[in-house]
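Please consult the sequence and the model shown below while reading.

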Amino acid sequence: MPSVGVKIYSVFFKLLLRHRLQSLAAADAAADTDSDAFGVSCRADEATAPANPAFSAADGVASKDLHIDPNSALSVRIFLPTPPPQHAHLLLHRRASDPPAGAAGAPYRGYLPHAVSSPRAAASARRRLPIVVQFHGGGFVTGSNCSASNDAFCRRVAKFCDAIVVAVGYRLAPESRYPAAFDDGVRVLRWIAKQANLAMMSKVGGGVDTFGASSVEPWIAAHGDPARCVLLGVSSGANIADFVTRKTVEDSKLFNPVKIVAQVLMYPFFIGSVPTHSEIRLANSYFYDKSTCLLAWRLLLSEKEFSLDHPAANPLAPGRGGPPLKCMPPTLTIIAEHDWMRDRAIAYSEELRKVNVDAPVLDYKDTVHEFATLDVFLKTPQAQACAEDIAIWMKKYISLRGHEFSY
């Protein structure tokens, strides 16, 4: 069972969360307007962590923020791990006052492939990293890609997986109701594809498209491998990740050259009209009880389309549509012992395994919803072990050397 301290913290957390959701619902009702096209991707009361383009002394990861859509609040925070020692000499424009190239605290100044003297060294300079696209949790109405807890989690993933992490700041409800957040996920993946395509055109246009309007994003263009892309969703973000994956399966040409090789669903925010055993037994569970989560769903979905079997809520709802499950990529599901949403996540994984999709479930004892991503849990052994387990499984599909990592 969770400790007494966790139980007490959970009580106050639930009271505060319910108050926030009720306030948002009241403000939305008072506004009495349609969904805001621009929207918001971070609440004013959210504790955020600033981006740091220098390689951090703590974890060796650099980060920066980009607002990628001028017509909406959609943004991304990109995390780039420190290059290994054999690539450190390729950092360019190093100043005398900088720490040694590639060392913790050294600012990122780009790679200089042309500075190498041999074909083998040049090939090494073009080291490509897999790309992990991460969607934060928060019930579609709270949370942020730049929150302190999400920033720390993404840094951990970037370090453990040796991958570029693109944390998506999607638009929040009720200012932007469904399908805004889900469309934002699709838009980010297409943006990554565009960066890859622009990088291939850079010799012609110097990093711009044919109209000179779109500069190449250097971290993605220089270091990202779009053919090794993994989607990782946390809580409500898992629903978005699964939606985006289905879209790429339906029409992969729209996202070329991006290829989704796997997805990770961490305690997905699934629900349905027919309660499962865990939804009944754990309805009043820690941090995110069922009644509070229903408020979040009512803020995401309009009154006209509200249904617990909505495609965004129930991945196994009858008539959901989309591609056959057998076409889905390998899917790792993370669940917590004391989470009322666990049964539906297990059921989704079982359906994937029935059609021969690699879909393991990792069940963590004495844990609660968001046990690996909530700020109060980030330093616990379970949170650390979960990130390591994700990295081990993910490397089966992102390693260039093959499937040498396995359970």
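The structure, a predicted model, holds 21 salt bridges. Three of these pairs are set out in the table.

| Salt bridge | Distance, N to O |
|---|---|
| Asp-28 and Arg-177 | 2.6 Å |
| Arg-155 and Asp-151 | 3.0 Å |
| Arg-187 and Asp-184 | 2.8 Å |

**A link between distant parts of the chain**

The side chains of Asp-28 and Arg-177 meet in a salt bridge at 2.6 Å. This pair links distant parts of the chain, its residues being 149 residues apart. Asp-28 belongs to helix H1 (residues 4-31), whereas Arg-177 lies in the loop between strand S4 (164-169) and helix H4 (180-205). Arg-177 has a relative accessibility of 19% and therefore counts as buried, because the limit for that class is under 20%.

Helix H3 (residues 148-161) contains both Arg-155 and Asp-151, which are four residues apart, or about one turn of the helix. Both Arg-155 and Asp-151 are buried.

In helix H4, Arg-187 and Asp-184 are separated by about one helical turn because they are three residues apart.

Salt bridges with shared partners join Asp-59, Asp-65, Arg-77, Asp-151 and Arg-155 into one network.

Technical notes. Residues numbered from 1 in each chain as written. Predicted model: local features only at pLDDT ≥ 70, side-chain atom pairs only at ≥ 80, totals over all residues. Heavy atoms only, no water. Salt bridge = Lys/Arg side-chain N within 4 Å of Asp/Glu carboxyl O. Helix = DSSP H or I, 4+ residues; strand = E, 2+ residues; numbered from the N terminus. Buried < 20%, exposed > 50% of the residue type's maximum accessible area, 1.4 Å probe, protein only.
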